Amino acid sequence: MITEIAPAKLNLALHVRARRPDGYHELETLFAFCRDGDVVTLAPAEADSFTLTGPYGEALEGDDNLVTRARDAFRGAFGAPACAITLDKRLPIASGIGGGSADAAATLRALARWRGVAPDTPELFAIAERLGADVPACLLGQSAIGTGKGEKLVPVPGLGGVPALLINPGVAVSTAAVFKAWDGVDRGPLGSGDLLAVARAGRNDLEPPARALAPVIDAVLARLAGPGVLLARMSGSGATCFALFESDTARAATAARVRAERPGWWCLETALA
């Protein structure tokens, strides 16, 4: 049995530069990953199977999803016998933290370990790119600058161990709708230098359209502001927002306050990987 974590993905900054003729957008983004996320487990079997568990498993019922597509694409490229895959779905659906992309990437990593395929094999990343714009970054699984549609990756020194708090208000936001509502204004590139400084000087260009579609994001960001916060921002196309903290104590205090005020919100205390 092989187990792979599918960690939550954060966009510490996300600059949308232009619309592309292929329907994607030219991006510049700072990817980072948390220590926690969904869990993919793979085991040899007489026939293929896919099982969903976890608090958000029911939302993904059905056999056609990124996990099974990743399995089939891997098999087409490298070959693989039947296997049983279980996805323990712990991250909210359509929440801007790469849940489906991370699940697909974890599936590819698990299959690669099983079949002895090197994790940096170019064809593995080619499969990831065909599965979705964020899947290559999730396959890499480390802090990186992403350009193009997000698939051109340059690893950078990360912020491992920095305490993080992720909050989702229980609202699913359509990535396509948020991108469609982007105003088309190029507000400039990412800066350079220290990763945290670049992130803090950056922005998420999808935040204004997402906040217009889901005004509750305003309330989430307001509750993430406070003592000990290094950076608070929406991730991806939303609606999950995150804060990075100076200490575990500051993170715990904010988490306790949020849980008391909004007990129905999803709240994850974690740290950057």
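Let's start with a close contact: Arg 203 and Asp 205 join their side chains in a salt bridge, with 2.6 Å from N to O. The term asks for a side-chain nitrogen of Lys or Arg within 4 Å of a carboxyl oxygen of Asp or Glu. Before going on, keep in mind that this is a predicted model, where local features need pLDDT of at least 70, side-chain atom pairs count only at pLDDT 80 or more, and totals for chains, interfaces and linings use all residues. Residues are numbered from 1 along each chain as its sequence is written, and side-chain values use heavy atoms, with hydrogens and water left out.

Back to that bridge. Asp 205 has a relative accessible area of 6%, so it counts as buried; that word covers anything under 20% relative accessible area, while exposed means over 50% and partly exposed is what lies in between (1.4 Å probe, protein chains only).

Searching the whole structure turns up 22 salt bridges. One of them pairs Asp 186 with Arg 17, again at 2.6 Å from N to O. Asp 186 sits in the loop between helix H5 (175–181) and helix H6 (195–201), and Arg 17 belongs to strand S1 (residues 2–19), so this contact ties together parts 169 residues apart in sequence. The element names come from DSSP runs numbered from the N terminus: helices are H or I with at least four residues, strands are E with at least two. Both partners are partly exposed, Asp 186 at 38% relative accessibility and Arg 17 at 22%.

Now move along to Arg 251 and Glu 269, whose side chains form a salt bridge at 3.7 Å, N to O. Arg 251 is in helix H9 (residues 248–261) and Glu 269 in strand S10 (residues 266–271), so the pair ties together parts that are 18 residues apart in sequence. Arg 251 is buried, with a relative accessible area of 12%, whereas Glu 269 is partly exposed at 30% relative accessibility. The two also belong to a network of salt bridges that links Asp 248, Arg 251, Arg 259 and Glu 269. While you're on helix H9, have a look at Arg 257, which lies there too and is partly exposed at 30% relative accessibility. For a sense of scale, its C-alpha is 39 Å from that of Ala 128, a residue 129 positions away in sequence.

On to the rings. (Rings of Phe, Tyr and Trp, the last by its six-membered ring, pair if their centres lie within 6.5 Å; planes under 30 degrees apart are stacked, over 60 edge-to-face, and the rest tilted.) Both residues lie in helix H1 (residues 66–78), four residues apart, or about one turn of the helix. Phe 74 is buried at 0% relative accessibility, but Phe 78 is partly exposed at 29%.

The charged end of Arg 115 is over the ring of Trp 114, 5.3 Å from its centre, and Lys 149 lies over the face of Tyr 24, at 4.3 Å from the ring centre. Here NZ of Lys or CZ of Arg has to be within 6 Å of the ring centre and within 35 degrees of the ring normal.

Most residues other than glycine have a negative phi, and most peptide bonds are trans. Ala 94 has a positive phi of about 50° although it is not a glycine. You'll find Ala 94 in the loop between strand S4 (83–88) and H2, partly exposed at 40% relative accessibility. The peptide bond from Gly 238 to Ala 239 is cis, with omega near 5°, and Ala 239 is placed in the loop between strand S8 (229–234) and strand S9 (241–245).
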